[in-house]
Amino acid sequence: MLRSKVGYSTNPESFATGLETAKKATKDLSNAKIGFLYTSEKNDIKAVIKGLRTITNIPIIGCTSSGCIMVEDGIIASENGFAGMLALDDKNLTVGVACHEAGKDARAIGRKVAIEAVESAKTTRAPAYFYMVASPKEEEEYLMGIQDVIGRVPMFGGSAADDNVSGNWKVICNDKIITDGVAVAFFYTDNEIVTTYTGAYRETNNIGLITEVKDSRTLVSIDGISALRKYSNWINISPSNLKGSKLLEASTTRPLGIKDPLGNLMVVRHPMFANDMGTKTTSDDTITLGNKVVPGTAIIQLEATVDELINSVGETLKETRKQLYTDAAAYILIHCGGRKLAIGERINEVYQQIVKEAKGVPFITAFTFGEYGYDEHSANICGGLMLSFTAFGKK
């Protein structure tokens with residue numbers, strides 16, 4: 001029988017933050033096997049972990065969360081930082097954790113991490129499920145390397161985030177803190193684990209063919225027209241009003257998306273930055289995206305109101321709960337930090353929806369700069385502006 005507990009702290013002293021978080025998260029748990037740890041970029045994360053290690057030696061995995069986290073008791077945020085951890089306890093659960101800093105070959109690093117996670121679990125088998133966290137850069141390549149080793153095992157997770165897209169994010173793996181790299185947790189269990197992965201945006205009739213891409217994440221042209229010009233025409237905003245980081249905010253309620261081959265999953269591609277190349281060619285205005293795209297595929301302009309972004313949280317958690325045949329024991333809720341920025345001061349409405357649909361089951365919500373998952377028979381994939389909500393069944 002799987003049990004879970006959540007601990008958190010906003011103590012201004014990071015060591016005490018870790019100690020208080022761990023004490024609450026492991027109280028009454030005798031077989032805790034892993035802790036999902038999320039902190040603020042403002043914390044001294046080394047000190048947080050030292051404080052945590054005075055209470056427990058369980059494997060730890062997680063990252064920095066943008067602005068806050070959410071737990072049953074409320075929205076946890078502070079000018080001095082915060083930490084929160086959800087611990088899982090089950091004598092029949094085995095977890096293997098591993099991580100690696102970024103290098104020249106991200107796919108090879110993914111393979112190395114997968115092998116080390118299997119060895120950490122003291123087995124030679126592929127896991128039943130896995131969690132991945134990485135810096136916002138080479139997530140797709142890490143994922144391919146992991147799957148080279150274990151095959152297409154279902155996954156969930158998200159990319160580390162900070163408060164201002166300044167690159168101050170961190171990946172946390174046991175006692176290691178990584179600015180650029182990847183970490184995984186492999187789950188060996190007969191218990192149910194299910195994920196709902198969605199952006200919950202509506203499709204528009206604005207559809208084009210990707211005709212040129214640079215370095216996998218720079219969208220150069222759509223239908224042979226510069227990407228920014230095409231996109232600005234779709235959303236009826238002048239390119240001059242989308243230059244630079246202005247695009248990030250404007251596109252949160254009007255992003256782009258690509259469909260998986262079966263049509264079950266719309267994977268969101270967040271336009272992050274508009275690049276003015278200063279030339280008069282079809283590719284003078286490009287768009288930096290949060291994730292990979294390839295030429296010769298269709299891209300669709302999506303849309304959602306702020307009301308719809310808020311309401312989709314409760315609907316997605318309800319859908320996740322309904323996938324279980326047994327009762328839920330814990331929820332790991334990965335919510336895009338960009339969506340949170342668009343929701344703004346109404347973020348408490350998101351919290352209220354989660355509490356309503358969690359129905360007393362422990363949960364932790366982290367705000368990330370990339371989300372990972374799958375839907376029905378789709379492949380594992382990485383996206384942005386999405387929700388990756390995972391439920392762990394009691395048995």
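Modeller: Ala, Val, Leu, Ile, Met, Phe, Trp, Tyr, Cys and Pro count as nonpolar, Asp, Glu, Lys and Arg as charged, and the others, Gly among them, as polar. The model is predicted: local features need pLDDT of at least 70, side-chain atom pairs count only at pLDDT 80 or more, and totals for chains, interfaces and linings use all residues. Residues are numbered from 1 along each chain as its sequence is written, and side-chain values use heavy atoms, without hydrogens and water.

Colleague: How do the residues of the lining of the largest cavity divide into nonpolar, polar and charged?

Modeller: A cavity is a set of points on a 1 Å grid over the protein atoms alone where a 1.4 Å probe fits but cannot get out, and lining residues have an atom within 4 Å of a point. Here the lining comprises L2, L88, L93, F187, T189, N191, I193 and F392. The division is 6 nonpolar, 2 polar and no charged.

Colleague: Is strand β8 largely enclosed or exposed?

Modeller: Buried means under 20% relative accessible area (1.4 Å probe, protein chains only); strands are DSSP runs of E, at least two residues, numbered from the N terminus. Y129, Y131 and V133 point one way from β8, F130, M132 and A134 the other way, and all are buried. Because 6 of the 6 residues of β8 (residues 129-134) are buried, the strand is largely enclosed.

Key:
On a 1 Å grid over the protein atoms alone, a cavity is a set of points where a 1.4 Å probe fits but cannot get out, and a pocket is an open set with protein on both sides within 12 Å along at least five of seven lines; lining residues have an atom within 4 Å of a point. Buried means under 20% relative accessible area, exposed over 50%, partly exposed in between (1.4 Å probe, protein chains only). Helices (H or I, at least four residues) and strands (E, at least two) are DSSP runs, numbered from the N terminus.
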